Amino acid sequence: MALIKLNNRSSEDTAIHGRRNLIINGAMEIAQRGTSSTGTGYQTVDRFAVNQSNYDELSATKTQDSSAPDGFKQSFKVLVSTEETIVAADEYANISYAIEGQDLQRLAYGTSSAKSFTLSFYVKSNLTGNFSVTAYKQTGSNKQQDRRYTINTADTWERKTLTFVGDTAQSVADDVNAGMYLYWHLGFGSNFGTDTYDASAGWSAYTDAGWGAGQDVELLDTQNNYIQITGVQMEVGDLATPFEHRTQGEYERECERYYQIVDVYFST
């Protein structure tokens, strides 16, 4: 009888096998509320919100867009319809995603075995330069960790990989509340992001100056600027694996945990 040789590359096998993506709807395929909106919060693609604070001119259109990299059908696009001509110090905007605390327990935060996680995604913009993603958690005290990524070529899909170190000092509550937020910064005023960027920095107490550290691009001050993301994946460890595609039905069921439309028909 032929023998079967097993691959013993444990770190790679652990990352590739099983349900590894902590992000729901990372392929941007479900948009129960509609495919286009100028509102803020959760308006189009499920599980991804756009937040705008203190802007007095800005209007941005958020859409589920059919432009996507090979292997994907949809992306989430933010397009500046009316620019903010002067970005005030207290203004900021971002795309955000919230993760339940009970889904973060595999990171073992608050223990000596705390694990890193890797965030990967595809991004496209008409602008090039440095952007920032902030991981933020508020269990016990508000803490943040920032990672910078660079868009190298305009109007071209690029895949980015960012690794965030574990937190041995502070656990995440094991419940249905948001245990962590991820923020893709779109732009902000001078109150934010002024700290010197440290690519190896871990978790630290929240400060406005640290919020978005490393970003030098302002997306919101010019009409028709845009950014698109898709293929968002968050997995335990420091290895980024290929995107974990799920069926349309699976995506729908997962999204309906947070929002669903119920049609009621009356017969006469």
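Phe117 has Phe164 of strand 9 as its bridge partner, and on strand 12 Phe117 stands opposite Val236. The structure is a predicted model, in which local features require pLDDT of at least 70 and side-chain atom pairs count only at pLDDT 80 or more, whereas totals for chains, interfaces and linings use all residues. Residues are numbered from 1 along each chain as its sequence is written, and side-chain values use heavy atoms, with hydrogens and water left out.

Strand 6 (residues 117-125) is joined to strand 12 by eight bridges and to strand 9 by seven bridges, antiparallel in the former case and in the latter. Helices (H or I, at least four residues) and strands (E, at least two) are DSSP runs numbered from the N terminus, and two strands are taken to pair if DSSP finds at least two bridges between them. Eight of the nine residues of strand 6 are buried, so that the strand is mostly covered; buried denotes under 20% relative accessible area, exposed over 50%, and partly exposed in between (1.4 Å probe, protein chains only).

These pairings belong to an open sheet of six strands in the order 1-3-4-12-6-9, with antiparallel pairing. Strand 1 (36-37) and strand 9 (158-164) each have a single partner strand and stand at the edges, so one side of each lacks a neighbour in the sheet. Another open sheet of six strands has the order 2-5-10-7-8-11, and its pairing is antiparallel. Strand 11 pairs with strand 8 (residues 143-151) over two bridges in the antiparallel sense, and Ser204 is the bridge partner of Gln144.

Ile229 lies in strand 12 (residues 226-236) and counts as buried because its relative accessibility is 1%. Beyond its neighbours within four places in sequence, Ile229 is in contact (heavy atoms within 4.5 Å) with Met28, Ser75, Phe76, Ile95, Phe121, Tyr122, Val123, Trp157 and Trp184. The C-alpha atoms of Ile229 and Leu186, which are 43 residues apart along the chain, are separated by 12 Å.

Met28, one of the contacts of Ile229, is located in the loop between helix 1 (10-16) and strand 1. Met28 is not a glycine, yet has a positive phi of about 60 degrees; its relative accessible area is 0%, so Met28 is buried. Asn54, in the loop between strand 2 and strand 3 (59-65), likewise is a residue other than glycine with a positive phi, near 75 degrees. Asn54 counts as partly exposed, at 46% relative accessibility.

In helix 2 (residues 248-256), Glu250, Tyr251 and Cys255 are buried. These residues cover an arc of only 125 degrees around the axis and therefore lie on the same side of helix 2, the arc being that of the directions from the helix axis to the C-beta atoms.

One cavity of 30 Å³ or more is present in the structure. A cavity is a set of points, on a 1 Å grid over the protein atoms alone, where a 1.4 Å probe fits but cannot get out, and lining residues have an atom within 4 Å of a point. The largest cavity holds about 40 Å³ of space, a volume being the space filled by probe spheres set on the points, with grid points joined across faces, edges and corners. Its lining residues are Leu22, Ile24, Arg47, Tyr97, Ala98, Ile99, Glu100, Asp103 and Tyr258.

Technical notes. 1 Å grid on protein atoms, 1.4 Å probe; cavity = no way out; pocket = protein on both sides within 12 Å on 5 of 7 lines; lining within 4 Å.
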